[in-house]
Amino acid sequence: MAGYYVNPHVKGCTRVFPGQGRYGYYRYDMNENPEGLPGWFVEKVLAEITPGFLATYPEPDVFLHKYAAFIGAGYGNVLATNGSDMAIRYMLEVFCQEGKKVVTASPTFEMYAVNCSILGLVHVPVSYEEDLSFDVGKLLDAIDQDTDVVVLLNPNNPVGTAYTDEEADAVIKKAEENGAIVIIDEAYHYFYDRTFIKKALKYSNVAVLRTFSKLFSLAACRLGVIISSEDIIGYIKKSKLTFDANAVALKFAERAIEEPGLVEWLVSNEKQGKKYIMSRLREEGYEAMDGLGNYIFIKTHKTPQEVAERLKEEEKVLVKTFSSPLLAGYIRVSTGPEKAMGFFMDKFLKADC
């Protein structure tokens, strides 16, 4: 038996990583854009990726100044990270004491529970109701003096519910009374256009997380942003890796927010695609739910696992299934442009017949 030390929290953590070998498949399983960014835009940015550019360490400030202006914040209110995954890790590392509580809805994005396990934090999941509604009162009741962080995904992944202004304010107030930080994860902003950025800039204990993996279709590049008070950003800066977000990601993100009409075009394409597939599903007699982000849930005729397997093996199409009893009867399907959704629908009807 090896005699070296292993952090007991890491040793006891159970991880389930995304499946590999997804290249060559039609990807509707991880809420990526099925078609990605326009080819002309990718080629335009790639022309700037010279040998000299690749040989130079990243300098995020150019992007951060532009991004701050893009969202109506100050430079001191934003910080780029290696995906919002790393933003989550930083927030929990800096603002949670070992053994203290992190309160979330359940189910929610699994990396909150994973990071709690790795860092020796106590994850407090507040379950959805059987009808997939969420009782914010139960989440408020879970916040106490042992709570260091409260997490709101808006909208929540995977279920797809969102919080009202009044609910968010109540959570922020209860957290503040107990000395806790509130993380508002807006990974699916733009698909669901309500944002709580103003609360992150108003309150001293709130941070909003954004990602460039979803609407901006840059999942391969890994870029996230933390938006918060200058104090919270300052503490994260002290703890972060020196070169965190990579230069290619920063360049693509910088050009994406500068490109006239690109954001609107991406939003419009997804909305049209979602409207199309929801209409087709109703015509075919299916029960479907809008996940508020760039995904929907479909209640299948066959078991979700059987449909997912047939889609993968016979059509090279990937979708998401769930072990949670709340969502066990559904597949989740990433949404995108109408052409991509028409392609999926044809394959799905064959697999679920």
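Which residues line the second largest pocket? In this predicted model, the lining is made up of Phe-53, Thr-56, Tyr-57, Pro-58, Glu-59, Pro-60, Val-62, Phe-63, Ala-247, Leu-250, Lys-251 and Glu-254. Let's begin with that pocket and then walk through the sheets, the cavities and a few backbone details.

## The second largest pocket

This pocket holds about 220 Å³ of space. Helix 4 (61-71) and helix 11 (247-258) each give at least two residues to the lining, and helix 11 has the largest share, with four residues. By residue class, the lining of the second largest pocket splits into eight nonpolar, one polar and three charged.

Helix 4 also has a place against a sheet: it lies across strand 2, strand 7 and strand 8 (224-228), and runs at about 125° to strand 2. That brings us to the sheet itself.

Seven strands form an open sheet in the order 2-8-7-6-5-3-4, and the pairing is mixed. At its edges are strand 2 (78-81) and strand 4, each of which pairs on one side only. On average, neighbouring strands of this sheet are turned by 25° against each other, direction ignored. As a reminder, strands of a sheet pair through backbone hydrogen bonds, in either a parallel or an antiparallel sense.

Strand 3 (101-106) pairs with strand 4 (residues 122-127) in the parallel sense over six bridges, and here Ser-106 stands opposite Ser-127 in strand 4. A right-handed β-α-β unit is made by strand 3, helix 6 (residues 111-119) and strand 4. Elsewhere in the order, strand 6 (residues 181-185) and strand 7 (residues 206-211) run parallel and are joined by four bridges, with Val-182 opposite Val-206 in strand 7.

A second open sheet has four strands in the order 9-10-13-12, with antiparallel pairing. Strand 9 (287-290) and strand 12 (320-321) are at the edges with a single partner strand each, so one side of each has no neighbour in the sheet. Strand 9 and strand 10 (residues 295-299) run antiparallel and are joined by four bridges; Met-289 stands opposite Phe-297 in strand 10.

Which helices lie across strand 10? Helix 12 (residues 262-283) lies across strand 9 and strand 10, at about 10° to strand 10. Helix 14 (residues 338-351) lies across strand 10 and strand 13 (330-334), at about 155° to strand 13.

Rolling a probe the size of a water molecule over the atoms shows where empty space is left. The structure holds two cavities of 30 Å³ or more. The largest has about 60 Å³ of space and is lined by Tyr-67, Glu-186, Ala-187, His-189, Tyr-190, Arg-210, Thr-211, Lys-214, Leu-215 and Phe-216. Its lining divides into five nonpolar, two polar and three charged residues.

The second largest cavity holds about 30 Å³ of space. Around it are Thr-104, Ala-105, Thr-108, Val-151, Leu-152, Leu-153, Asn-156 and Tyr-163.

## Backbone details

Most residues other than glycine have a negative phi, and most peptide bonds are trans. Where does this model depart from that pattern? The peptide bond from Asn-154 to Pro-155 is cis, with omega near 0°, and Pro-155 is in the loop between strand 5 and helix 8 (165-177). Another cis peptide bond joins Asn-157 and Pro-158, with omega about 20°; Pro-158 also belongs to the loop between strand 5 and helix 8.

Leu-132 has a positive phi of about 70° although it is not a glycine. Leu-132 is placed in the loop between strand 4 and helix 7 (136-142).

Note on methods. Residues are numbered from 1 along each chain as its sequence is written. This is a predicted model: local features need pLDDT of at least 70, side-chain atom pairs count only at pLDDT 80 or more; totals for chains, interfaces and linings use all residues. Side-chain values use heavy atoms; hydrogens and water are left out. On a 1 Å grid over the protein atoms alone, a cavity is a set of points where a 1.4 Å probe fits but cannot get out, and a pocket is an open set with protein on both sides within 12 Å along at least five of seven lines; lining residues have an atom within 4 Å of a point. Grid points are joined across faces, edges and corners, and a volume is the space filled by probe spheres set on the points. Ala, Val, Leu, Ile, Met, Phe, Trp, Tyr, Cys and Pro count as nonpolar, Asp, Glu, Lys and Arg as charged, and the others, Gly among them, as polar. Two strands pair if DSSP finds at least two bridges between them. A crossover is right-handed if, with the strands pointing away from the viewer, the path from the first strand over the helix to the second runs clockwise. Contact means heavy atoms within 4.5 Å. Axes are lines fitted to C-alpha atoms, for helices over the stretch in contact, and angles run from 0 to 180 degrees between N-to-C directions.
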